[in-house]
Amino acid sequence: MTKVIVFSAPSGSGKSTLVNYLIEKGLPLHFSISCTSRPPRGNEKNGVEYFFLTPEEFRHHINAGDFLEYEEVYEGRFYGTLSQQVDKQLEEGENVICDVDVKGGLNIKKHYGNRALSVFIQPPSVEVLRQRLEGRGTDTPETIQVRLDKAEYEMSFAKQFDTIIVNDDLEKAKAEILRTVTDFLSK
(Lines give C-alpha, C1' and ligand atoms only; values in the text may rest on other atoms or scores of the structure.)
Protein backbone atom coordinates (compact mmCIF):
# COMPACT_ATOMS: atom_id res chain seq x y z
CA MET A 1 0.00 0.00 0.00
CA THR A 2 1.29 3.44 -0.90
CA LYS A 3 1.59 5.99 1.87
CA VAL A 4 1.65 9.69 2.67
CA ILE A 5 4.47 11.36 4.58
CA VAL A 6 3.63 14.81 5.89
CA PHE A 7 6.43 17.21 6.79
CA SER A 8 5.87 20.41 8.75
CA ALA A 9 8.38 22.77 10.36
CA PRO A 10 9.05 26.38 11.17
CA SER A 11 11.01 28.30 8.53
CA GLY A 12 14.73 27.71 9.04
CA SER A 13 14.39 24.31 10.72
CA GLY A 14 16.12 22.44 7.89
CA LYS A 15 13.02 20.69 6.57
CA SER A 16 13.91 21.13 2.90
CA THR A 17 17.44 19.86 3.51
CA LEU A 18 16.11 16.75 5.26
CA VAL A 19 13.38 16.03 2.70
CA ASN A 20 15.87 16.45 -0.16
CA TYR A 21 18.20 14.05 1.65
CA LEU A 22 15.49 11.35 1.58
CA ILE A 23 15.06 11.88 -2.16
CA GLU A 24 18.85 11.72 -2.71
CA LYS A 25 18.98 8.44 -0.77
CA GLY A 26 16.61 6.97 -3.37
CA LEU A 27 13.54 6.45 -1.21
CA PRO A 28 10.44 5.91 -3.37
CA LEU A 29 8.87 9.30 -2.61
CA HIS A 30 7.11 11.83 -4.81
CA PHE A 31 6.06 15.36 -3.92
CA SER A 32 2.38 16.18 -3.95
CA ILE A 33 1.58 18.83 -6.51
CA SER A 34 -0.10 21.67 -4.68
CA CYS A 35 -2.33 24.41 -6.01
CA THR A 36 -1.66 28.11 -5.84
CA SER A 37 -3.41 31.24 -6.99
CA ARG A 38 -0.14 33.05 -7.64
CA PRO A 39 1.11 33.33 -11.22
CA PRO A 40 3.87 30.98 -12.44
CA ARG A 41 7.45 32.14 -11.85
CA GLY A 42 10.26 31.65 -14.35
CA ASN A 43 9.91 28.31 -16.11
CA GLU A 44 7.24 26.87 -13.79
CA LYS A 45 4.68 24.75 -15.61
CA ASN A 46 1.09 24.03 -14.65
CA GLY A 47 0.79 20.52 -13.24
CA VAL A 48 4.52 20.20 -12.59
CA GLU A 49 5.53 22.56 -9.77
CA TYR A 50 1.96 23.64 -8.99
CA PHE A 51 -1.52 23.70 -10.41
CA PHE A 52 -2.04 27.40 -11.09
CA LEU A 53 -5.61 28.50 -10.36
CA THR A 54 -7.31 31.85 -10.34
CA PRO A 55 -8.47 33.03 -6.91
CA GLU A 56 -12.03 32.34 -8.07
CA GLU A 57 -11.18 28.75 -9.07
CA PHE A 58 -9.42 28.27 -5.74
CA ARG A 59 -12.45 29.55 -3.80
CA HIS A 60 -14.69 27.21 -5.82
CA HIS A 61 -12.56 24.22 -4.70
CA ILE A 62 -12.66 25.47 -1.09
CA ASN A 63 -16.46 25.74 -1.18
CA ALA A 64 -16.69 22.26 -2.73
CA GLY A 65 -14.54 20.79 0.09
CA ASP A 66 -11.89 19.58 -2.37
CA PHE A 67 -8.81 20.50 -0.32
CA LEU A 68 -7.05 18.36 2.29
CA GLU A 69 -5.58 21.63 3.49
CA TYR A 70 -5.26 25.18 2.23
CA GLU A 71 -4.15 28.57 3.41
CA GLU A 72 -4.79 32.10 2.25
CA VAL A 73 -1.30 33.50 2.78
CA TYR A 74 -2.57 36.99 2.09
CA GLU A 75 -5.56 38.51 0.32
CA GLY A 76 -6.31 36.42 -2.78
CA ARG A 77 -3.05 34.42 -2.55
CA PHE A 78 -3.87 30.80 -1.78
CA TYR A 79 -1.90 27.57 -1.47
CA GLY A 80 -3.46 24.16 -0.94
CA THR A 81 -3.42 20.40 -1.49
CA LEU A 82 -6.30 18.78 -3.38
CA SER A 83 -7.38 15.41 -1.98
CA GLN A 84 -8.09 14.21 -5.53
CA GLN A 85 -4.47 14.89 -6.57
CA VAL A 86 -2.92 13.02 -3.63
CA ASP A 87 -5.37 10.12 -4.12
CA LYS A 88 -4.44 9.98 -7.83
CA GLN A 89 -0.73 9.80 -6.98
CA LEU A 90 -1.37 7.08 -4.39
CA GLU A 91 -3.44 5.08 -6.89
CA GLU A 92 -0.58 5.38 -9.40
CA GLY A 93 1.69 3.67 -6.88
CA GLU A 94 3.48 6.73 -5.52
CA ASN A 95 4.31 7.36 -1.88
CA VAL A 96 3.49 11.05 -1.50
CA ILE A 97 5.39 13.76 0.39
CA CYS A 98 3.32 16.70 1.58
CA ASP A 99 5.34 19.72 2.70
CA VAL A 100 2.79 21.90 4.49
CA ASP A 101 2.17 24.12 7.50
CA VAL A 102 1.34 22.55 10.87
CA LYS A 103 -2.44 22.82 10.65
CA GLY A 104 -2.41 21.46 7.11
CA GLY A 105 -0.16 18.62 8.21
CA LEU A 106 -2.51 17.64 10.99
CA ASN A 107 -5.49 17.79 8.61
CA ILE A 108 -3.76 15.49 6.12
CA LYS A 109 -2.82 13.04 8.90
CA LYS A 110 -6.41 13.03 10.14
CA HIS A 111 -7.70 12.36 6.59
CA TYR A 112 -5.34 9.44 5.86
CA GLY A 113 -4.98 8.06 9.40
CA ASN A 114 -2.49 5.19 9.68
CA ARG A 115 -1.69 5.47 5.98
CA ALA A 116 0.08 8.76 6.80
CA LEU A 117 3.12 9.58 8.89
CA SER A 118 3.28 13.12 10.23
CA VAL A 119 6.79 14.42 10.88
CA PHE A 120 7.59 17.69 12.65
CA ILE A 121 11.09 19.06 12.10
CA GLN A 122 11.98 21.20 15.10
CA PRO A 123 14.89 23.56 15.61
CA PRO A 124 16.84 23.05 18.87
CA SER A 125 15.53 26.40 20.14
CA VAL A 126 14.04 29.68 18.99
CA GLU A 127 17.43 31.32 19.57
CA VAL A 128 19.18 28.86 17.24
CA LEU A 129 16.42 29.48 14.71
CA ARG A 130 17.08 33.23 14.98
CA GLN A 131 20.77 32.63 14.30
CA ARG A 132 19.98 30.47 11.26
CA LEU A 133 17.55 33.01 9.81
CA GLU A 134 19.97 35.89 10.42
CA GLY A 135 22.79 33.82 8.93
CA ARG A 136 20.89 33.43 5.67
CA GLY A 137 21.17 37.17 5.15
CA THR A 138 17.98 37.22 3.08
CA ASP A 139 15.46 38.78 5.47
CA THR A 140 15.02 42.08 7.26
CA PRO A 141 15.03 42.05 11.08
CA GLU A 142 11.27 42.65 10.97
CA THR A 143 10.69 39.66 8.69
CA ILE A 144 12.88 37.49 10.92
CA GLN A 145 10.83 38.50 13.96
CA VAL A 146 7.58 37.62 12.15
CA ARG A 147 9.05 34.21 11.26
CA LEU A 148 10.19 33.64 14.86
CA ASP A 149 6.77 34.54 16.23
CA LYS A 150 5.18 32.13 13.76
CA ALA A 151 7.76 29.46 14.66
CA GLU A 152 6.85 29.63 18.35
CA TYR A 153 3.18 29.20 17.41
CA GLU A 154 3.97 26.29 15.08
CA MET A 155 6.15 24.57 17.69
CA SER A 156 3.14 24.48 20.03
CA PHE A 157 1.61 21.86 17.66
CA ALA A 158 4.68 19.57 17.57
CA LYS A 159 3.39 17.04 20.12
CA GLN A 160 0.38 16.31 17.89
CA PHE A 161 2.66 14.86 15.17
CA ASP A 162 3.62 11.17 14.99
CA THR A 163 7.33 12.00 15.13
CA ILE A 164 9.39 15.00 16.16
CA ILE A 165 12.90 15.25 14.77
CA VAL A 166 15.00 17.91 16.48
CA ASN A 167 17.49 19.24 13.95
CA ASP A 168 20.35 20.27 16.21
CA ASP A 169 22.93 18.01 14.52
CA LEU A 170 22.27 17.65 10.78
CA GLU A 171 23.94 14.24 10.37
CA LYS A 172 22.04 12.84 13.35
CA ALA A 173 18.77 14.32 12.03
CA LYS A 174 19.44 12.81 8.58
CA ALA A 175 20.00 9.37 10.09
CA GLU A 176 16.87 9.67 12.24
CA ILE A 177 14.62 10.80 9.39
CA LEU A 178 15.96 8.11 7.06
CA ARG A 179 15.33 5.40 9.67
CA THR A 180 11.86 6.74 10.57
CA VAL A 181 10.60 7.06 6.98
CA THR A 182 12.17 3.78 5.82
CA ASP A 183 10.54 1.91 8.73
CA PHE A 184 7.17 3.52 8.00
CA LEU A 185 7.31 2.66 4.29
CA SER A 186 8.24 -0.96 5.00
CA LYS A 187 5.27 -1.58 7.34
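Predicted model: local features only at pLDDT ≥ 70, side-chain atom pairs only at ≥ 80, totals over all residues.

Mentor: Residues are numbered from 1 along each chain as its sequence is written, and side-chain values use heavy atoms, with hydrogens and water left out.

Trainee: In what order do the five strands of the open sheet lie?

Mentor: Strands of a sheet pair through backbone hydrogen bonds, in parallel or antiparallel fashion. Strands are DSSP runs of E with at least two residues, helices are runs of H or I with at least four, and both are numbered from the N terminus. Two strands pair if DSSP finds at least two bridges between them. Here the order is 2-7-1-8-9, with parallel pairing. Strand 2 and strand 9 (163-166) are at the edges with a single partner strand each, so one side of each has no neighbour in the sheet. From one strand to the next the twist averages 25°, where axes are lines fitted to C-alpha atoms, for helices over the stretch in contact, and angles run from 0 to 180 degrees between N-to-C directions.

Trainee: Which bridges join strand 1 to its partners?

Mentor: Strand 1 is joined to strand 7 by four bridges and to strand 8 by five, running parallel to each. Val6 stands opposite Cys98 in strand 7, and Val4 has Ala116 of strand 8 as its bridge partner. Strand 7 is also joined to strand 2 by three bridges, with Ile97 as the partner of Phe31. Helix 4 (residues 102-112) packs on this sheet, touching strand 1 (4-8), strand 7 and strand 8 (116-122), and its direction makes about 160° with that of strand 1; contact means heavy atoms within 4.5 Å.

Trainee: Are the faces of strand 1 covered or open?

Mentor: Buried means under 20% relative accessible area, exposed over 50%, and partly exposed in between (1.4 Å probe, protein chains only). Both faces are covered: Val4, Val6 and Ser8 are buried on one side, and Ile5 and Phe7 on the other. By contrast, Lys25, in the loop between helix 1 and strand 2 (29-31), is partly exposed, with a relative accessible area of 47%.

Trainee: How many bridges join strand 5 to strand 6?

Mentor: Six bridges join these antiparallel strands, and Tyr70 has Gly80 as its partner. The hairpin has two residues between the strands, and Gly76 takes a positive phi near 80°.

Trainee: What volume does the largest pocket have, and which residues lie nearest its centre?

Mentor: Rolling a probe the size of a water molecule over the atoms shows where empty space is left. On a 1 Å grid over the protein atoms alone, a pocket is an open set of points with protein on both sides within 12 Å along at least five of seven lines, and lining residues have an atom within 4 Å of a point. Grid points are joined across faces, edges and corners, and the volume is the space filled by probe spheres set on the points. The largest pocket has a volume of about 1100 Å³. Its lining comprises 36 residues, with Lys15, Tyr50, Asp99, Val100 and Asp101 nearest the centre. Helix 6 gives the most to this lining, six residues.

Methods:
1 Å grid on protein atoms, 1.4 Å probe; cavity = no way out; pocket = protein on both sides within 12 Å on 5 of 7 lines; lining within 4 Å.
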